[in-house]
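Hi,

Here's the model I said I'd pass along.

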Amino acid sequence: MRQDKLKTYQNVFDKTTLTSLYKLSDGGYLKELFGRIAEGKESHVFYATNQRDEPVVVKIFLVEASDFKTMNKYIKGDPRFQGLKRKKRTLVHAWAKKEYQNMLRARDAGIHVPTPYAIKNNVLIMEFIGKKGFASPLAKNSVPKKKQDWKECIEHMINALWNDAKLVHADLSEYNILNHNGEPVFIDWSSGVLVQHPLAKEFLAKDIKNMFAWLKSIGAKPTSEEEFFKHVIGNV
């Protein structure tokens, strides 16, 4: 990305972020940064290529714009981040690292997620999900044709997350699922917590409620929320 283009994203490319990008480039993970794919309150997502000219995604977590209180709710109680200093930059770097670790953990359990490649401070590089430079659409904007297949797949992945990955996504909705070639791909994993987290069951119930409401809205027929929750946590 040219210097003049970088200036249009001044709130994104601070000194620490640029240093992280250069180090990732030196490691072969990044060659060229192109246009922005998505923008959120806490991060910006860019299309890029690695040193082999393969498409990748660069997700940059914003330090100044991030919500400290919201992040702390999901990090506090996670045994992976005990003793973390309560400084904003430290917290944002942990937030990015948590997304990287959660995606690895979910992928190893067979969940459809982008493969994470590298993490440096607030910069995460991962697999690009899409075709010919165009990112796959969000489920919200691309209703699946095989609705019952999606219902079964989503229920399976929520269950596998809890019982195999020992993880809860904690922010699951049609806004955080891509429709890639007719298959659901879970994205945006920073909020994810281990099942040992004191609020894990509360987050699981919220994920189930959100997903089942959306599945019903598109004409699928999910299981009873209460029955499925009990099934996942093993109380059936």
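Start with the largest nonpolar core: it has 54 residues, and the members that touch the most others are Ile111, Ile154, Phe186 and Trp189. Helix H5 (residues 147-165) gives the largest share, 9 residues, and both domain 1 (15-133) and domain 2 (135-235) put in at least three residues each. Bear in mind that this is a predicted model.

Beyond its neighbours within four places in sequence, Ile154 is in contact with Ile177, Phe186, Met211, Trp214 and Leu215.

Now the two domains. Their C-alpha centres are 22 Å apart, with 27 residues of domain 1 and 31 residues of domain 2 taking part in the contact. About 2300 Å² is buried between them, 63% of it from carbon and sulfur atoms. On the domain 1 side, Tyr74, His112 and Ile129 account for 27% of the area buried against domain 2, more than any other three residues.

As for polar links, there are 15 residue pairs in polar contact between the domains, and the rule finds 1 salt bridge across the interface. Asp188 makes a salt bridge with Lys59, with 3.0 Å between the closest N and O atoms. Elements giving two or more residues to domain 1's side are strand S3 (55-61), helix H3 (68-75), helix H4 (88-108) and strand S6 (130-131); H4 gives the most, 7 residues.

Cheers

How values were computed. Residues numbered from 1 in each chain as written. Predicted model: local features only at pLDDT ≥ 70, side-chain atom pairs only at ≥ 80, totals over all residues. Heavy atoms only, no water. Core = buried A, V, L, I, M, F, W, Y, C linked by side-chain atoms within 4.5 Å. Buried < 20%, exposed > 50% of the residue type's maximum accessible area, 1.4 Å probe, protein only. Helix = DSSP H or I, 4+ residues; strand = E, 2+ residues; numbered from the N terminus. Domains from an automatic or database assignment. Contact = heavy atoms within 4.5 Å. Buried area = accessible area lost by both parts, 1.4 Å probe. Salt bridge = Lys/Arg side-chain N within 4 Å of Asp/Glu carboxyl O. Polar contact = N/O pair within 3.5 Å; in protein donor to acceptor, adjacent residues only side chain to side chain.
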